[in-house]
Amino acid sequence: MSTALKILVPIKRVIDYAIKPRVNSARTAIETAGVKHSMNPFDELSIEAAVRMRERGTPAVTDILALSVGPPKCVDVLRTAMAMGADRSIHVEISDAEVKEKGELEPLGVAKLLKSVVEKEQRNLVILGKQSIDDDSNQTGQMLAGLLGWGQATQASKIEFEGDNVSVTREVDGGVETLRCPLPMVITTDLRLNEPRYASLPNIMKAKKNKLEKMTLQDFGVDEGRRLKTLKVEEPPARQGGGKVEDVDGMIKKLKELGAI
Amino acid sequence: MASRWPVASLARTRLTTPGIFSRPSRRAYSHYTPARRRCLLQQQTPNCLLTHRKAFSTTPWRRFADVDDSFDPRQQDRETDEVDVCIVGGGPAGLSAAIRLKQLANEAGKDDFRVLLIEKAGELGAHILSGNVIESSAVDELLPNWNDTENPSRFEHATPATKDKMRFLRKNSAIPIPAPPQMKNHGNYIISLNQFCKWLGERAEEVGVEVYPGFAASEVLYSKMDGSVMGVATNDLGISRSGKPKASFERGMEFHARVTLFAEGCHGSLTKQIIKKFDLRRDSQSQTYGLGLKEVWEVKPESFRKGEIVHTMGYPLPSSTYGGGWLYHFGDNLVSLGLVVGLDYPNPWLSPYGEFQKMKHHPIYKSVIQGGKCISYGARALNEGGFQSIPKCAFPGGALIGDTAGFLNVPKIKGTHTAMRSGMLAAQAAYTALIASPNMDNGTVFLFNYEDALRKSSIWSELKQVRNMRPSFHSWLGLYGGIMYSGLEAYIFRGKTPWTLKHKGPGDYAATKLASECPKIEYPKPDNEISFDILTSVSRTGTNHEEDQPVHLQVEDWEAHKNDQYPKYKGIENRFCPAGVYEYVEDANKELGVKFQINAQNCIHCKTCDIKAPAQDINWQTPQGGRDPTTP
């Protein structure tokens with residue numbers, strides 16, 4: 001008899017992956033005003049993984065809770081998550097003014113907040129995206145596991161349940177690695193885990209009735225102090241044209257000319 | 001798929017044993033709408049009972065199941081939802097109609113009056129493209145405090161127009177020409193229509209409109225009783241390139257409404273079908289179009305003159321081709337510039353994209369954008385037909401509003417205010433009609449009041465006054481004749497002439513001459529600072545359709561199309577498409593040495609191919625929504 005799963009899926013609203021990012025005129029961050037935003041693609045994979053666990057039936061899933069920290073517009077991604085199958089969601093609101101003053105919330109702050117949510121909501125499985133496409137930190141899942149003292153399996157490409165243990169196949173530098181870990185645990189998702197479903201229009205309309213709780217950082221009493229300060233953001237230097245060489249001898253000559261060998 | 005059906009139905013009859021309800025052949029019902037199919041199936045059952053034959057199973061997919069028992073999810077019934085008014089398209093017309101409807105309903109205390117708006121772009125405003133200099137008359141009426149500094153939810157990004165300039169361009173010079181009175185922009189605002197629609201969308205949600213971006217209406221639903229429009233259906237998602245459903249398949253959804261307003265913008269795909277079905281152009285001329293290509297640049301502060309509006313004619317277009325350029329300074333060191341090319345251009349070697357890149361090198365444009373950065377690109381067809389091309393706008397069960405009907409004022413180059421006003425008038429008429437006859441039994445709604453209101457409104461008088469200006473460019477005097485006559489109209493006649501000039505021929509597609517009859521045009525290579533190649537520009541549109549979906553640009557037979565069209569026009573599709581969708585790739589194995597290829601993923605939804613294809617054999621349909629271009 002395996003324990004029922006109570007899943008937490010934290011998601012992030014980021015600049016849409018198809019948009020070409022631009023540096024803002026103050027050179028301190030990426031321009032986000034008026035730019036299309038959507039759910040972090042890795043988070044879509046997490047939601048899909050959670051919903052498929054519920055559809056599989058064993059072990060039973062009690063509920064799927066989606067959570068997002070960010071400005072008021074985050075409700076859009078939470079609604080999408082609920083349309084994909086999450087049961088309810090929590091929106092921890094940070095105003096734009098607060099972000100301007102203190103800076104974006106950092107992975108450690110997010111991890112501490114998630115720890116608090118896990119304890120409050122009595123979760124036994126947290127599925128996160130491996131990283132968000134705006135800061136590419138790849139830290140939150142790991143930090144959360146550390147704070148909670150739970151096992152973690154990151155960059156998951158396959159998740160299987162065996163009684164109270166979870167067998168996770170991870171994508172690592174050298175290939176794949178399979179870990180077996182008891183619940184409760186933290187899993188972060190990678191691209192080959194699944195193909196997220198479309199949120200169909202009837203589901204979006206039904207999801208409007210699902211519960212969306214609004215809270216603030218203060219409600220959790222979490223230290224969300226910033227430890228990093230972004231000094232400057234610049235575009236990478238423009239790509240220089242290349243040159244063609246006739247054969248290997250030509251290449252060696254060219255490399256000698258450039259002083260490389 | 002089609003070839004499987006006769007076999008399947010034959011096999012089915014063989015397999016059915018007496019006592020099993022003989023299912024209707026799937027082929028016979030395939031072309032009916034699901035509603036009609038359901039109705040017909042329901043009619044079948046009583047007969048079955050009379051002859052004492054029992055239904056083997058009553059579920060729809062049992063009936064439609066194949067011989068090999070594979071269930072085709074595309075045959076599933078769609079979920080339906082009933083609303084009071086359904087609006088297709090979230091541009092200024094659609095949003096204005098939605099807001100007005102809900103304003104009227106809220107005033108009367110009818111909170112349960114449902115207005116639903118669907119939009120194919122992933123976000124409101126993402127697919128709309130315009131210069132844009134807006135005349136605020138319509139929005140002043142709809143939302144009076146839209147620009148009021150006291151209003152916390154005012155529209156913050158309107159740049160008041162300061163200076164107007166009109167120039168006639170030769171290759172290296174710019175001759176000032178007087179601007180007709182219609183083109184004085186004092187009191188108008190330069191905006192990004194993308195941002196404006198986003199803002200209108202927020203106002204719409206505030207008053208209770210249900211807005212669903214990311215869902216394209218792909219099918220019109222007709223009532224089985226009288227053939228009137230009873231709503232729309234969104235497209236199925238998750239179909240692979242070969243047409244088979246994938247694991248992520250989601251059936252579309254139907255919206256049933258007593259009034260459906262179509263606000264798809266210029267040359268809407270569903271509007272095209274409706275105009276044909278109800279013969280809405282029986283008393284008007286066919287629509288003529290232009291293609292507008294636009295870029296937004298971030299320029300150096302020294303070159304920026306906030307609020308300045310420049311319009312140009314002449315270079316680079318030949319005198320046989322109507323068109324002109326614009327350059328607006330707005331926002332924070334941002335410049336919107338572009339070129340409109342009349343799609344009745346005769347030379348198939350002309351490439352509107354190439355002309356646009358050429359135009360940017362003219363000193364009047366180059367001096368502003370030099371040293372700046374191009375941040376965005378887009379293109380969209382626009383209406384040039386004006387008064388003569390306005391179709392009948394009301395039909396049983398709905399109406400056409402905005403550019404999809406065609407209310408753009410060509411000399412003013414403004415269509416936003418007329419689009420919004422038409423939306424508001426349709427909303428008023430729809431609301432009155434629905435309140436007067438609240439039950440379905442009172443029959444189909446026909447918005448006579450809308451047609452009347454249009455005729456009494458400023459839209460009519462405005463378009464009537466300038467009706468002769470655009471057609472005056474069709475004479476053998478070309479550009480010069482047009483400018484001279486338009487000058488007469490603007491300053492002296494003001495539309496009060498007894499004559500109404502006609503547009504040329506059956507449509508823009510017919511104006512194209514053969515490639516052999518016209519001089520070939522060579523376009524200079526892009527320098528990557530001012531001008532760019534087409535694929536770089538497409539990457540700036542943010543377009544990214546899912547690759548594994550059916551090609552949404554429907555050409556029946558690619559080989560036949562190529563064999564027919566290539567010898568005559570030598571690849572005109574490659575030149576008129578501003579996104580490089582159509583290609584004639586060299587292929588020694590194929591007839592004529594080329595292969596016709598459609599790169600549907602690049603499409604930026606401009607609709608030019610549907611308009612300009614000389615044989616009118618390209619049918620633009622909505623692709624799967626969501627991942628798609630974002631216009632500046």
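Of the 16 residues of helix α5 in chain B, 14 are buried, so this helix is largely enclosed by the rest of the structure. The model described here is a predicted one. Helix α5 of chain B covers residues 92–107 and reaches 22 Å from its first C-alpha to its last, close to the 22 Å expected at 1.5 Å a residue. An α-helix has 3.6 residues a turn, so residues three or four places apart point the same way. Just after α5(B) comes B:Gly109, with a positive phi of about 80°.

Chain A can be described as a whole. It contains 8 helices and 11 strands. Its C-alpha atoms fill a box of roughly 70 × 45 × 40 Å along the principal axes. Chain A has 261 residues, and 45% of them count as buried. Consider the contacts in chain A between residues at least 6 apart in sequence: 71% of these join residues at least 24 apart.

The strands of chain B come next. Strand β5 (residues 163–170) of chain B has two partners to look at here, β15(B) and β6(B). With strand β15 (residues 308–314) of chain B, β5(B) runs parallel, and 7 bridges join the two. In this pairing B:Leu169 stands opposite B:Gly314. With strand β6 (residues 173–176) of chain B, β5(B) runs antiparallel, and the two are joined by 4 bridges. Here B:Arg170 stands opposite B:Ser173. The strands β5(B) and β6(B) form a hairpin with 2 residues between them. In a regular strand the side chains alternate between the two faces of the sheet.

Another hairpin in chain B is made by β11(B) and β12(B), with 5 residues between the strands. Strand β11 spans residues 237–239 and strand β12 spans residues 245–250; they pair in the antiparallel sense over 2 bridges. B:Leu237 stands opposite B:Glu250 in β12(B). In this hairpin B:Gly243 takes a positive phi near 100°.

Some backbone angles deserve a separate look. Most residues other than glycine have a negative phi, and most peptide bonds are trans. A:Asn138 is not a glycine, yet its phi is positive, at about 60°. A:Asn138 is found in the loop between β6 (125–129) and α5 (140–148) of chain A, and at 25% relative accessibility it counts as partly exposed. B:His267 also has a positive phi, near 55°. B:His267 lies in the loop between β13 and α8 (269–278) of chain B and is buried, with a relative accessible area of 15%.

Cis peptide bonds can be found in chain B too. One joins B:Gly131 and B:Asn132, with omega at about 0°; B:Asn132 is in the loop between β2 (115–119) and β3 (133–134) of chain B. Another joins B:Tyr315 and B:Pro316, with omega at about 5°. B:Pro316 is placed in the loop between β15 and β16 (323–330) of chain B.

Turn now to the side chains. A pair of aromatic rings is described by the distance of the centres and the angle of the planes. Over all chains there are 23 aromatic pairs. One of them is the tilted pair of B:Phe262 and B:Phe395, 6.0 Å centre to centre with 45° between the planes. B:Phe262 lies in strand β13 (residues 253–262) and B:Phe395 in strand β19 (residues 394–395) of chain B, so the pair ties together parts that are 133 residues apart in sequence. Both B:Phe262 and B:Phe395 are buried. Elsewhere, ring pairs link B:Trp558, B:Tyr566, B:Phe576, B:Tyr582, B:Tyr584 and B:Phe596 into a cluster.

The charged end of B:Arg470 sits over the ring of B:Tyr322, 3.8 Å from its centre. The charged end of B:Lys360 sits over the ring of B:Phe356, 5.2 Å from its centre.

The cysteines remain. A disulfide is a covalent bond between the sulfur atoms of two cysteines. How many disulfides are there over all chains? The count is 0. B:Cys603 is in no disulfide, and its nearest cysteine sulfur, that of B:Cys609, is 6.4 Å away. The sulfur of B:Cys609 has its closest cysteine sulfur in B:Cys606, at 6.3 Å, too far for a bond. B:Cys603 is buried, with a relative accessible area of 6%, and B:Cys609 is buried at 7%.

Key:
Residues numbered from 1 in each chain as written. Chains lettered and ligands numbered in written order. Heavy atoms only, no water. Phe/Tyr/Trp six-rings, centres within 6.5 Å; stacked < 30°, edge-to-face > 60°. Buried < 20%, exposed > 50% of the residue type's maximum accessible area, 1.4 Å probe, protein only. Lys NZ or Arg CZ within 6 Å of the ring centre and 35° of its normal. Pairing = 2+ DSSP bridges. Disulfide = S-S within 2.5 Å. Expected span 1.5 Å × (residues − 1). Contact = heavy atoms within 4.5 Å.
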